[in-house]
Amino acid sequence: MKKVVLSLIGILLVIGCGENEGWVRIWLIDSPPPQDVEAIYLRIFGVGVRNLGGDAITVDANINEYDIVMGTLGGMGIVIAVDKIKPGNYTSILIALTEIHLVRRNGELDTLILSEGSPLKYEIPQDFTIYKDKITQIFIDFDASKSINWETQPYTLTPIFRAFEGSTLGAIRGKVTDSTGAPIKFAVCKAVNSTDTFTTLSTPDSGKYYLIAKKGTYNITSYLEGYTSDTSYSVEIGDSTLKGYNFVLRKEY
């Protein structure tokens, strides 16, 4: 493990910041895994960015483990790195993973390993600008359902990431209940248009969801195995968070 960490530090060159600094905050959000997956413990051992000149800057070189199912439940996301960096233009996000991760499925804890040929380090294209004394938010979307092969044992991981600059995103929120008004947990809430799809899950305590999506017009739906819904919304996601878009799911008999 030590050898891997030192390798990352060698690749993510630390460039010193002067007094004129801005901030970058990097979030991890998750497209939900299959319904019977309770936790995915993703181990990250470094996060960085690359500037327009091609230099790599370390934002966080620590080894951290994140439960991306519970940590992103409801759509709020997990902060995986935050630091001061020089103002300027940047072109990509750098993220490094350990080889072995963990999954809890149907109450059983299992190993999740990087698939053969998958690298430890990933560069995710995304142009963004750092401004003096301001925070720039970057969101990394990890697609668990497409990244993990659930048919192998141990499970194998071929990571699929995409990144978004925070100002390009908006959000919609509401709650999911049954016909009695009781909250429904882990219902999938999905925003779909002709070019993109964003998903999240409702929380187990209140059935609330918070769905982050790129700005645009979407069809918003919610579903869960064993339930039906006759509700959908056509919405324009923009700068302000849309509120009160609730779903009632009815039990199938």
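Two strands are taken to pair if DSSP finds at least two bridges between them. The legends below apply this criterion to a predicted model.

**View 1. Pairing of strands β15 and β18.** Strand β15 (residues 188-192) runs antiparallel to strand β18 (residues 216-223), and five bridges join the two.

**View 2. The open sheet β16-β15-β18-β20.** Four strands in the order β16-β15-β18-β20 make up an open sheet with antiparallel pairing. Its edges are formed by β16 (197-201) and β20 (233-237), each of which pairs on one side only. On average, neighbouring strands of this sheet are turned by 30° against each other, direction ignored.

**View 3. Strand β14 and its two partners.** Strand β14 pairs with strand β17 (residues 208-214) in the antiparallel sense, over seven bridges. Within this pairing, Gly-174 is placed opposite Tyr-209 of β17. β14 also pairs with strand β21 (residues 247-248), here in the parallel sense and over two bridges; Val-176 faces Phe-247 of β21 across this pairing. Seven of the nine residues of β14 are buried, so the strand is largely enclosed by the rest of the structure.

View 4. Thr-177 belongs to strand β14, which spans residues 169-177. Its relative accessibility is 9%; because buried means under 20%, Thr-177 counts as buried. Leaving aside residues up to four places away in sequence, Thr-177 touches Ala-182, Pro-183 and Ile-184, together with Phe-247, Val-248 and Leu-249.

Methods:
Residues are numbered from 1 along each chain as its sequence is written. This is a predicted model: local features need pLDDT of at least 70, side-chain atom pairs count only at pLDDT 80 or more; totals for chains, interfaces and linings use all residues. Side-chain values use heavy atoms; hydrogens and water are left out. Buried means under 20% relative accessible area, exposed over 50%, partly exposed in between (1.4 Å probe, protein chains only). Contact means heavy atoms within 4.5 Å. Axes are lines fitted to C-alpha atoms, for helices over the stretch in contact, and angles run from 0 to 180 degrees between N-to-C directions.
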